[in-house]
Amino acid sequence: PTDTPTNTPTPTNTPTVTPTPGRFCPEDDDAVLTKWVDPSQPAGGNNYQTVQAAYDAAVNGDVIGLFTGNNLQENVVLGGAKTLTITQCTTAKLTAANPALPVWTVSSTGVLTIIGPDSVGGTIGWNITTNNHELKSIRAYGASQYGVLILGNNVSVSLNEVGSSDA
């Protein structure tokens, strides 16, 4: 008998690879984080010092985990056309760095899903100016005008608490 080479068929069904999370998110254990905000750790790699920096670096499909604790002061503007998720992994409380502005402004023309963070102070805790976003289990304390202001359409919001003091 002679050796005849045979063609081995290439499988057409390529298995789906499940991404390995870069960091475990204790409050959302199904989240596959691509970026995170943890000011207690050095900036670099996928870790950012502020929510704004992580959002600015994010691309569509990213999942940003918040490990911010109670001491992060910033006014975040989630603009552009990004579609992504921001989820609380530990306490995630943002206090307005500038009390004359909203703490969180959600103005992306993409679709944002935001799970769990708090706002403290500012004129508005959560200022949602565009359509089709989902905010789950958010909190707002101590805003001078509105805890949550929804100006967009088709916005889903579930609240844990809206109040006048930081509980």
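A polar contact here is a pair of N or O atoms within 3.5 Å, one able to donate a hydrogen and the other to accept it. All views show a predicted model.

**View 1. The side chain of N75 reaches two backbone atoms.** N75 sits in the loop that joins β4 (69–73) to β5 (76–78). A polar atom of the N75 side chain lies 3.1 Å from the backbone nitrogen of A97. The backbone oxygen of P102 lies 2.9 Å from a polar atom of that side chain.

**View 2. Surroundings of N75.** Neighbours within four places in sequence are set aside here. N75 then contacts Q52, A96, A97, N98, L101, P102 and V103. Two of these names return from View 1: A97, through its backbone nitrogen, and P102, through its backbone oxygen.

**View 3. W104 and W126 form a stacked aromatic pair.** The count of aromatic pairs comes to one. In this pair, W104 and W126 are 4.5 Å apart, centre to centre, with 5° between the planes. W104 belongs to strand β8 (residues 104–106) and W126 to strand β11 (residues 124–128), so the pair ties together parts 22 residues apart in sequence. Both W104 and W126 are buried.

**View 4. R23 over the ring of F67.** The charged end of R23 sits over this ring. Its distance from the ring centre of F67 is 3.8 Å.

**View 5. K82 over the face of Y55.** Here a lysine, K82, lies over the ring of a tyrosine, Y55. The distance to the ring centre is 4.7 Å.

Key:
Residues are numbered from 1 along each chain as its sequence is written. This is a predicted model: local features need pLDDT of at least 70, side-chain atom pairs count only at pLDDT 80 or more; totals for chains, interfaces and linings use all residues. Side-chain values use heavy atoms; hydrogens and water are left out. Helices (H or I, at least four residues) and strands (E, at least two) are DSSP runs, numbered from the N terminus. Contact means heavy atoms within 4.5 Å. Rings of Phe, Tyr and Trp (its six-membered ring) pair if their centres lie within 6.5 Å; planes under 30 degrees apart count as stacked, over 60 as edge-to-face and the rest as tilted. Buried means under 20% relative accessible area, exposed over 50%, partly exposed in between (1.4 Å probe, protein chains only). A charge sits over a ring if NZ of Lys or CZ of Arg is within 6 Å of the ring centre and within 35 degrees of the ring normal.
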